[in-house]
Amino acid sequence: MKVQVCIVGGGPSGLLLSQLLHLRGIDTVVLEKYSRDHVLARIRAGVLEHGFAELMREAQCGERMDREGEIHRGFHIAHDGVLDHVDLHKHSGGSSVMVYGQTELTRDLYEARDRLGGRVVHNAADVTLHDLKSDAPYVTYRSGDQTLRVDCEFVVGADGFHGVSRKSIPADVLREYEKVYPFGWLGVLSRTKPVSPELIYVKHERGFALCSMRSQVLSRYYIQVPLTDKPEDWSDDAFWSELRRRLPLDVAARLIIGPSIEKSIAPLRSFVAEPMRYGRLFLAGDAAHIVPPTGARGLNTAASDVYYLYHALLAHYQRGDDSGLDGYSETALARVWKAQRFSWWMTTLLHRFPDRISYDDRLQQTEISYLFSSQTALRQLAENYVGLPF
Ligand code: APR
Ligand code: PHB
């Protein structure tokens, strides 16, 4: 097979990029390691920046998102038994976020790829990248007992944190930065009405909690747990009672509980790989960087990579202008690091660190009281949460 751009990974990054390029007449194939059902069984975050929602519309994938997603103009932070409000709309100069689950968004992207007849190969095993430094890179993969070859002009590594693309960059070229937090999030999805129309981030002496949602009938809740805990250690009853203990009393009294549909523990980790380009390979999304989920930056930062790469490839194919491709790594990383900074700040602000000293506790309290006493601090929070400009 011969294509202009071979995209490794059929998660949101790879699918969105292939859809955008296809609409501009640029030929792509997506090679995905797993089946579509497997990809769509993943439960991930669900807060989209305004710029990401716009990109979904440009990709002709925004219809269901606009119908079923919810615009949120703010969220709450609970601390010391009170519920403070962050008015995103006011403090960001009129912006907001869209609450729409990543699973649904990925489903929309697959359906859009089907409608256009986009090529997505599932169950592509042993994907291997070749000759990335040449003008004629190629990718091989196995389907059953056949080895197939894709010749292309560019390879996009959108195959997530565990993918093969980043690992194809020689170790002496790649620099990796990593921070592992000493706790995880235990998440529960339940078919119940969310406790609040807007998200509630909770700082509590027993640990962080988050009340989120996928719709008005589907709630998503999280509690901070030690890394040694396993989901099977937590019965539904134990989860609900621990969540209740961390919520302000009036919120806890309103909490509607039900059986969990999904229960899992996610570790909290920050990671950045530099550079995001090696020869004709361009990394995008989780393949190059991950953040702890606290600031809801993961999917949104993947979308900003896609935005930069899409425009860089368009400039290359439409005008022979390679400045976007040449500057991609630097441009994308500048925004990636700002998302890292914001996720680190929100994580540090709201979690209980096992190795903290009393000085850290007082600083954390002071950070919260400063935040809600300063319009400037709230502006900073809002500007980052709704998404920095691309
Ligand atoms: N070959 C082909 N595909 C692969 C390989 C491989 N060797 N390894 C992984 N993949 C596939 C995965 O199965 C997955 O479907 O690549 C896809 C990567 O998707 P994601 O992990 O969702 O990453 P990405 O598309 O960058 O999505 C952005 O940001 O913080 C997160 O939750 C957020 O998952 C979201 C991500
Ligand atoms: C979620 O709904 O899963 C979610 C929302 C906001 C976050 C993290 C996760 O910051």
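Modeller: A polar contact is a pair of N or O atoms within 3.5 Å; within protein, one atom must be able to donate a hydrogen and the other to accept it, and residues adjacent in sequence count only if both atoms are side-chain atoms. The model is predicted: local features need pLDDT of at least 70, side-chain atom pairs count only at pLDDT 80 or more, and totals for chains, interfaces and linings use all residues. Residues are numbered from 1 along each chain as its sequence is written, chains are lettered from A and ligands numbered from 1 in the order in which they are written, and side-chain values use heavy atoms, with hydrogens and water left out.

Biologist: How many residues lie around ligand 1?

Modeller: There are 25, of which Ser 13, Glu 32, Arg 42, Arg 44 and Asp 286 come nearest. For Arg 44, a polar side-chain atom is 2.3 Å from an oxygen atom of ligand 1.

Biologist: In what order do the strands of the eight-stranded sheet stand?

Modeller: Strands of a sheet pair through backbone hydrogen bonds, either parallel or antiparallel. Helices (H or I, at least four residues) and strands (E, at least two) are DSSP runs, numbered from the N terminus, and two strands pair if DSSP finds at least two bridges between them. Here the order is S6-S5-S14-S15-S16-S13-S17-S20; the sheet is open and its pairing mixed. Strands S6 (82-87) and S20 (289-290) stand at the edges with a single partner strand each, so one side of each has no neighbour in the sheet.

Biologist: What do the individual pairs look like?

Modeller: S13 and S17 are antiparallel over 13 bridges, and Leu 189 stands opposite Glu 262 in S17. Two bridges join S17 to S20, again in the antiparallel sense, with Phe 271 partnered by Ile 290 in S20. S14 (200-203) and S15 (209-215) run antiparallel and share three bridges; Val 202 has Ala 209 of S15 as its bridge partner.

Biologist: Which helices lie on this sheet?

Modeller: Contact means heavy atoms within 4.5 Å; axes are lines fitted to C-alpha atoms, for helices over the stretch in contact, and angles run from 0 to 180 degrees between N-to-C directions. H10 lies across S5 (74-79), S13 (175-190), S14, S17 (260-274) and S20, at about 130° to S17. H12 (375-385) also packs on the sheet, where it touches S5, S6 and S14 and makes about 125° with the direction of S5.

Biologist: At what angle do H10 and H11 pack?

Modeller: Two packed helices are described by the angle between their axes and the distance between the axes. For H10 (323-350) and H11 (358-371) the angle is about 115° and the axes are 8 Å apart. H10 is therefore roughly perpendicular to H11 (under 35 degrees is roughly parallel, over 145 roughly antiparallel, 65 to 115 roughly perpendicular, the rest oblique). From H10, Trp 345, Thr 348, Leu 349 and Leu 350 meet Gln 364, Glu 367, Ile 368 and Leu 371 of H11. These contact residues divide into five nonpolar, two polar and one charged, where Ala, Val, Leu, Ile, Met, Phe, Trp, Tyr, Cys and Pro count as nonpolar, Asp, Glu, Lys and Arg as charged, and the others, Gly among them, as polar.

Biologist: Where is the cis peptide bond?

Modeller: Most residues other than glycine have a negative phi, and most peptide bonds are trans. The cis bond joins Glu 274 and Pro 275, with omega about -5°, and Pro 275 is in the loop between S17 and S18 (277-278). Asn 123 has a positive phi, near 55°, in the loop between S8 (119-121) and S9.

Notes:
A residue is near a molecule or strand if one of its heavy atoms lies within 4 Å of it.
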